[in-house]
Amino acid sequence: MRIVCPFCGERELGEFTYLGDAKPQRPSADAGEDAVYDYVYLRDNIAGVMSEHWYHGGGCRAWLKVTRNTLTHEISLVEAAAGAGARQVAK
């Protein structure tokens, strides 16, 4: 599998580290324990298209949001992950 980094171009998978599902959103400060537990520990195991966070440690060291089909490994979108330091790299 190869990933096209928006900053470095197409690179091999070995340059990247998989973080996980990009969909969970941090609950508000006043959310209950159940919401925090769900955010920290519970993830869907999707067979199909899902958004994931990847770190490009072998290149620009940016966090990326990759939209990938987990069945075929086809990547349909790669973009900088908001709030993960990617904005500084893009400047």
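1. Is Arg61 buried or exposed? Arg61 is exposed, because its relative accessible area is 58% and the cut-off for exposed is over 50%. The model discussed here is a predicted one, and the values below are computed from it.

2. Start with the order of the elements. The chain has two helices and six strands. Read from the N terminus, the order is β-β-β-α-β-β-β-α. A student can follow this pattern along the structure before turning to single residues.

3. Next come the overall dimensions. Along the principal axes, the C-alpha atoms fill a box of roughly 40 × 35 × 20 Å. The chain has 91 residues, and 24% of them count as buried. Its accessible surface comes to about 6200 Å², and carbon and sulfur atoms account for 48% of that surface.

4. Contacts can also be sorted by separation in sequence. Among contacts in the chain with a separation of 6 or more, 45% are between residues 24 or more positions apart. Glu33 is found in helix 1. Glu33 counts as exposed because its relative accessibility is 72%.

5. On charge, the chain carries 10 positive and 12 negative side chains. The centres of these two sets lie 9 Å apart.

6. How many salt bridges does a search of the whole structure find? The search finds two. One of them joins Arg68 and Glu52, with the closest N and O atoms 2.7 Å apart. This pair links distant parts of the chain, since Arg68 is in strand 5 and Glu52 is in strand 4, 16 residues apart. Both Arg68 and Glu52 are buried.

7. The salt bridge between Arg2 and Glu10 also has its closest N and O atoms 2.7 Å apart. Arg2 counts as partly exposed, because its relative accessibility is 48%. Glu10 is likewise partly exposed, at 46%. For the Arg68 and Glu52 pair, by contrast, the two residues are buried.

8. Phi of Arg61 is near 60°, which is a positive value in a residue other than glycine. Arg61 lies in the loop between strand 4 (49-55) and strand 5 (63-69). His73 is not a glycine either, and its phi is positive, at about 65°. His73 lies in the loop between strand 5 and strand 6 (75-80). His73 counts as partly exposed because its relative accessibility is 45%, whereas Arg61 is exposed at 58%.

9. Which residues make the nonpolar surface patch of about 510 Å²? The patch is made by Val36, Tyr37, Val40, Tyr41 and Leu42. Val36 is found in helix 1, which covers residues 33-41. Val36 has a relative accessibility of 38%, so this residue counts as partly exposed.

Conventions: Residues numbered from 1 in each chain as written. Predicted model: local features only at pLDDT ≥ 70, side-chain atom pairs only at ≥ 80, totals over all residues. Heavy atoms only, no water. Patch = residues over 30% accessible without salt bridge, like charges linked within 9 Å, V, L, I, M, F, W, Y side chains within 5 Å. Areas by Shrake-Rupley, 256 points an atom, 1.4 Å probe, with all protein chains shown as cover. Salt bridge = Lys/Arg side-chain N within 4 Å of Asp/Glu carboxyl O. Helix = DSSP H or I, 4+ residues; strand = E, 2+ residues; numbered from the N terminus. Buried < 20%, exposed > 50% of the residue type's maximum accessible area, 1.4 Å probe, protein only. Contact = heavy atoms within 4.5 Å. Lys, Arg positive; Asp, Glu negative; His and termini not counted. Charge placed at Lys NZ, Arg CZ, Asp CG, Glu CD.
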